[in-house]
Amino acid sequence: MVPPDTAHAGVGEGERSDGVGAPAIPPASGRRWRIAAFARDRAAFAAALFLVLVAGAALLAPLLSPYDPAAADNLLRYAPPGTAGHLLGTDAQGRDMLSRLLWGGRVSLVVGIVPVMVASATGLALGLLAGTAGGWTDQVIMRLLDVVFAFPMVLLAIAIAGVLRPGVWTEVISITVVLIPYVGRLARTATLLVASMPFIEAARAAGATRTALLLRYVTPGVLPPLLVYATTLVGLMIVVGSGLSFLGLGVQPPASDWGAMVSEGRIVLRRAPHATVLPGIVIVAVSLAFSFLGDGLRDALDPRSRRR
Amino acid sequence: MGHRMAVPLLIRVAIGAALAIIQPTATPQAQAAGTLIWGMPSETDTMDPHATGGWTTYQITYQIFEGLAKEDLTKGDVPTPPLVPGLAASWEISPDGLQYTFKLRPGVTFHDGTPFDAAAVKFNFERFWDKSSPNYYPKAASFVVAYAKWIKGMEVLDPMTVRVILTAPNYEWLRQGLQSYGQPLMVSPAAVKAYGNEGIALHPIGTGPFRFVERQQGVRTVLERNPDYWGRKAQLDRVIFRPLQDPATRVNALSNGEVQMISTPPWDEIQGLVDDGFKLSTNPNVPYINYLYLNMKQDVFKDVRVRRAVNMAIDREGIAREIYRKTGRPEFGLLSPGTDAYDPGFRSYKYDPDAAKKLFAEAGYPNGFKVVFEIPQVGTGELVESWIQRDLKKVGIDVELRKFEWVTYMGRWAGGMGQDIGMNEIGWGMSTPAWINIVARCDTMAPDGQNSGYYCNKEVDALLSQALTTRDPAAAKALYQKANRIIMDDAAYVPIVDDLQPIMLSPKVHGFVNPPEDWFDLSTVSVD
């Protein structure tokens with residue numbers, strides 16, 4: 001559904017927020033403080049609760065779904081929400097919308113979360129290495145990431161998915177590969193910032209080993225901006241994943257994800273708006289929730305806002 | 001919202017009816033004018049009729065260009081479009097079937113004023129066929145191949161007579177030339193010289209009833225009436241082709257009056273549009289069938305019982321009724337409906353899931369099997385494919401669908417199915433029965449042809465070769481039908497439905513003909 005340009009621009013915007021999520025100075029204690037700060041942020045807290053609910057519902061889809069999501073009733077196509085037996089109506093093939101939303105959530109959430117987690121971990125490792133090692137290592141890593149960067153995001157994902165067999169895991173792999181340079185850059189920038197801070201100098205003077213320096217002092221400073229960035233990426237990746245499914249590279253019918261539901265339904269938007277609007281609302285709500293979660297995390301992790 | 005919309009619509013219909021009563025004396029020959037805007041599902045890549053293989057191009061170029069022979073698309077109720085004289089006033093075929101002598105139509109000029117004569121014909125043949133000529137354009141030759149590969153020689157007998165010599169007799173040759181590869185239509189030699197071979201894509205100059213005005217890539221292509229046309233002049237002042245890829249956008253554009261005609265409307269919107277007063281046009285003989293290939297190299301499909309059972313397990317009637325909403329017809333054979341050879345009464349396998357189950361058990365698959373079905377992504381939500389998946393599931397076959405984006409899919413399809421792929425599909429056909437040669441012969445097995453499932457039966461090949469060299473259409477028809485019966489007895493393919501080419505028209509559009517072809521003659525159309 002997402003035109004490649006938009007998706008690319010979207011991530012670009014996220015990337016610009018490098019500076020905004022300024023690395024926090026790692027405090028020796030105060031984890032409880034952060035949780036409290038986060039809980040005080042009502043929007044973020046509500047968002048987190050909502051996401052837990054959505055994830056729980058998707059996880060329990062086999063128990064919660066009133067119907068087999070692939071079972072079609074040809075006599076009951078495009079039934080509107082509220083139809084007896086179909087709380088949220090049916091789609092173009094007479095399949096229960098509620099069941100499909102629940103099952104589709106499993107795919108959409110996996111596609112949104114797994115690549116972001118894996119890419120964050122990989123990007124963090126590469127960024128830390130590049131940022132602390134400097135010199136040739138830095139050059140080689142960053143230029144390699146630049147090569148991946150040079151391709152428009154969706155185009156690259158299509159190329160990867162085209163080589164592999166289409167399916168959910170192909171989708172996950174493509175998105176992961178595509179995300180690594182974004183996260184990697186952010187991690188490197190953050191690493192450089194943190195590494196130049198006085199407390200690192202102090203730790204080094206106190207005789208900390210390279211490994212200790214990296215793990216105990218630099219990483220905790222790099223994590224917060226990365227975490228914030230990652231949460232905003234999740235919503236975006238759900239949409240990118242939908243785009244890949246739309247192109248036939250992701251989830252295969254009769255399975256579906258939310259984005260694929262939107263794209264299937266849009267053809268008859270006039271006659272059966274619910275087929276498009278319902279999954280659309282879910283995508284917007286989940287993306288927004290992740291965004292609020294990210295904001296909340298940033299505030300909670302930001303030492304300046306913590307003092308408030 | 002529905003109620004508020006309904007009132008003005010009723011009024012509009014009433015006014016229309018009143019006007020129709022008031023003006024019964026208006027003669028159709030009176031200068032009917034108007035502009036037709038056609039919302040099309042895709043943009044045409046080029047307007048050079050020699051250098052393209054696509055229907056979207058022909059839907060535009062048919063209005064601008066003509067060939068020596070042309071398909072008459074002004075008749076909807078014929079089994080196949082009659083082949084009529086175009087820029088050749090007449091032609092003669094020698095008794096051995098090798099020489100075609102064309103008498104050219106006198107007094108015809110191209111839109112740029114260049115006279116049409118034997119020199120122009122020669123120039124065009126050089127462009128798409130004669131490798132030794134400086135006018136040879138390899139891209140054109142590669143697309144016009146279905147026509148050009150039969151040509152041995154071409155000579156100018158006098159300024160208004162040309163002769164083409166074939167390498168072997170082929171009585172479908174003229175029609176094959178007008179099919180979905182590049183078409184041997186006559187392009188103005190002066191235009192090719194002025195704009196270059198590549199330039200024709202944007203400067204299409206022919207002899208047809210409409211001439212080119214302007215084109216904004218991705219937005220619109222505009223044609224206007226050719227006032228100097230040699231034949232019956234077009235009614236419309238202008239035709240505007242607008243690419244509107246999104247089906248919902250096309251429907252909205254029609255409802256809002258932004259366009260007066262849309263092709264490939266979403267099936268589920270058709271009834272609603274008809275209820276709103278729009279006209280649905282279909283044709284039962286469109287040369288186009290949707291069918292599946294079975295991979296004859298896969299162990300399960302080597303058994304004819306399995307192939308027959310798959311044919312029995314799919315409810316074609318249900319698909320035509322429920323998904324196509326009566327704009328499709330169940331298909332049981334591999335002959336293209338838009339041909340004289342088509343037999344509408346032919347039934348190969350009736351829907352019978354119980355019999356299918358028995359056959360699977362007999363073949364040694366009482367518990368079914370798994371099969372991979374490759375399909376193109378076309379954005380309709382795989383309605384038909386999911387239906388087939390469910391039908392096969394009912395008889396114990398697990399179908400794994402694998403979608404590919406269109407260009408990737410075409411490559412995989414044309415390249416032939418890999419060992420792990422059991423089925424794939426395409427919607428295709430031509431208005432010549434010789435089309436079956438490309439799909440079902442041993443020597444057109446992928447990747448050398450479009451026989452993607454590697455079906456090979458020498459008996460079929462012999463019948464098809466014989467049909468091509470049979471001059472009597474009735475005898476040729478019998479041969480094609482016999483080949484079709486053998487192919488379906490072998491159950492090498494699974495025909496599903498014929499698309500009846502639904503076109504939605506504004507009530508203001510008159511004279512539109514939906515012919516047994518994938519493109520139309522817009523010269524008969526007028527718009528109020």
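Select helix α13 of chain B, residues 353-362; helices (H or I, at least four residues) and strands (E, at least two) are DSSP runs, numbered from the N terminus. A356(B), L359(B) and F360(B) are buried there, meaning that 20 or more other C-beta atoms, placed from the backbone, lie within 10 Å of a residue's own. Looking down the axis of α13(B), the buried residues fall within an arc of 100°, so they line one face of the helix; the arc is that of the directions from the helix axis to the C-beta atoms.

This is a predicted model, in which local features need pLDDT of at least 70, side-chain atom pairs count only at pLDDT 80 or more, and totals for chains, interfaces and linings use all residues. Residues are numbered from 1 along each chain as its sequence is written, with chains lettered from A and ligands numbered from 1 in the order in which they are written.

Next, select I436(B). Leaving aside neighbours within four places in sequence, I436(B) is in contact (C-beta atoms, placed from the backbone, within 7 Å) with L334(B), L335(B), L464(B), Y480(B) and A483(B).

Finally, show both chains. Their contact takes 24 residues from chain B and 21 residues from chain A. On the chain B side, α8 (247-255), α9 (267-275), α14 (383-394) and β16 (398-405) each supply at least two residues.

Conventions
Two residues are in contact if their C-beta atoms, placed from the backbone, lie within 7 Å. A residue is buried if 20 or more other C-beta atoms lie within 10 Å of its own, exposed if 12 or fewer, and partly exposed in between; C-beta atoms are placed from the backbone.
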